[in-house]
Amino acid sequence: MKPTIIFKKVFYKKLWNAINIAYYHSFNKEYVNAYPLYIFMDPGNVCNLKCPLCPTGQGDRGMKRGFLKYSLFKRVMGEIGDYSLFLFLYNWGEPFLNKDLFRFIKLSRKKLVIPITSSNLTTLDRNSCKQLVRSGLWYLIVSLDGLTQETYQKYRIGGDLNKVLKNVRLINYYKTRYGIKRPKIICQFIVNKYNEHEVDTIKKQYIRLGFDKLLLSRVRSDLGKGVFEDNTTKLKKYRDWFPSNKEYKLYLKNPKNCKYLNVSSAINFDGGVFPCCLIYGDNHTFGNISNQSFFSVWNGPNYLTARRMIFKRKDITSDLVCSNCLKNKTFEEFNGFHFFLNMILPNKIYDLIRKPF
Ligand SMILES: C[S@@+](CC[C@H](N)C(=O)[O-])C[C@H]1O[C@@H](n2cnc3c(N)ncnc32)[C@H](O)[C@@H]1O
Ligand code: SF4
């Protein structure tokens, strides 16, 4: 078949899938006869840094550790690749530690799924920067939370700011050398107590440092345990991290209910499926796709019960992790939709919709 015909076929499949998801989402349907619009697939939950609010950085043993295998990735792409739009290749570890990451990215592009990853960018060398540019990655989110080594390493313990900035320069060098416009490099600056005084400077300097876009984010509480704690507890327990400027603080407003359950999903390196990328711990899995299709978990008993609980307030069971989120209503504090819009739109346009700070 000609490439243009394949492209058209896949395009219509994706469009039809997106229309279906819009329908299931708008009417809060439990059974979803379509694939998620976007999916998180974790290349591995192993990391070289020790960020204090990240379960991986803490060495939390609530999850087995390992790397995603290419065979599993290929199978998942074979099932959902023609339908989904975006693939977030990160969750609980440093993605570039997986030697197959570039193969994942290439296959994702072949399937016309837009690949995005987030990295501390401290493990790359010249050669991997070159491979990265050639892989076809669409967005690279770089976690850079400080403009001096002192402020940066408060959170990114074990990280080297100069190495991060050197790798940004190398990626830009190879983009120019090969005439490739992607990946767009996004500077994700998570505002905490120790770097809040640098916000104005990063706003002025991110382009000079080699980034295409600045994504200012509010620091979340413990990424693993946080979803089970209410706002008052969080504000007290993690006060050492929250900035004093209220504008930069999360957990001050009452969040709304979760909207992720029929739009997206998160797959762990070992095939464990989670209702969203915020849930940490093998005991919370909704199923495993090592020996069954993704669709059978996506519309399996756990997903159906969770959707019923969240959307219809029925069959509330403490067996599922979502019931805790239902009680504490923590999900919307981290607004995935706005995170995404903020990432893809130019800063000036996003600021017209909702000024982050
Ligand atoms: C667990 S990390 C894994 C990816 C990669 N290792 C990294 O740090 O970019 C996933 C995302 O969470 C972000 N993150 C880490 N700690 C955070 C916190 N306390 N609040 C908000 N986002 C955080 C990271 O910057 C990254 O974008
Ligand atoms: S760099 Fe990312 S995965 Fe590693 S400890 Fe920090 S937040 Fe966690």
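1. In this predicted model, I116 has Y139 as its bridge partner in β4, and the two strands concerned, β3 and β4, run parallel and are joined by 4 bridges. Between them the chain passes from β3 through helix α5 (residues 126–135) to β4, in a β-α-β crossover that is right-handed.

2. I116 of β3 also stands opposite F88, and strand β2 (residues 86–88) is joined to β3 by 3 bridges in a parallel arrangement. Here the chain goes from β2 through α4 to β3, and this β-α-β crossover is likewise described as right-handed.

3. Taken as a whole, the sheet is open and consists of 9 strands in the order β6-β5-β4-β3-β2-β1-β7-β8-β9, with mixed pairing. The edge positions are held by β6 (213–218) and β9 (287–288), each of which has a single partner strand, so one side of each is left without a neighbour in the sheet. Elsewhere in that order, strand β1 (residues 38–41) and strand β7 (residues 264–267) run parallel and are joined by 4 bridges, with I39 placed opposite S265 in β7.

4. The largest nonpolar core has 89 residues, and those with the most contacts inside it are M41, L89, V142, I186 and C187; among the elements, β5 gives the most to this core, with 6 residues. If neighbours within four places in sequence are left aside, M41 is in contact with L68, F73, V76, L87, L89 and I267.

5. I105, which lies in helix α4 (residues 101–110), counts as buried because it has 25 C-beta neighbours inside 10 Å. Beyond its neighbours within four places in sequence, I105 is in contact with L89, P115, S135, G136 and L137. The C-alpha atoms of I105 and L132 are separated by 9.1 Å, although these residues are 27 residues apart along the chain.

6. Ligand 2 is surrounded by C47, L49, K50, C51, C54, T56, G57, G93, E94 and N120. The classes represented in this shell are 4 nonpolar, 4 polar and 2 charged residues.

7. The peptide bond from R182 to P183 is cis, with omega near 0°, and P183 is placed in the loop between α7 (161–178) and β5. Positive phi values in residues other than glycine occur at N28, where phi is near 50°, and at L121, where phi is near 60°.

8. The surroundings of these two residues can be set side by side. N28 belongs to the loop between α1 (3–26) and β1 and counts as partly exposed because it has 14 C-beta neighbours inside 10 Å. L121 lies in the loop between β3 and α5, and L121 counts as buried because it has 26 C-beta neighbours inside 10 Å.

Key:
Residues are numbered from 1 along each chain as its sequence is written. Chains are lettered from A and ligands numbered from 1 in the order in which they are written. This is a predicted model: local features need pLDDT of at least 70, side-chain atom pairs count only at pLDDT 80 or more; totals for chains, interfaces and linings use all residues. A residue is near a molecule or strand if its C-beta atom, placed from the backbone, lies within 6 Å of it. Ala, Val, Leu, Ile, Met, Phe, Trp, Tyr, Cys and Pro count as nonpolar, Asp, Glu, Lys and Arg as charged, and the others, Gly among them, as polar. Two strands pair if DSSP finds at least two bridges between them. A residue is buried if 20 or more other C-beta atoms lie within 10 Å of its own, exposed if 12 or fewer, and partly exposed in between; C-beta atoms are placed from the backbone. Two residues are in contact if their C-beta atoms, placed from the backbone, lie within 7 Å. A nonpolar core is a set of buried Ala, Val, Leu, Ile, Met, Phe, Trp, Tyr and Cys residues joined through C-beta atoms within 7 Å. A crossover is right-handed if, with the strands pointing away from the viewer, the path from the first strand over the helix to the second runs clockwise.
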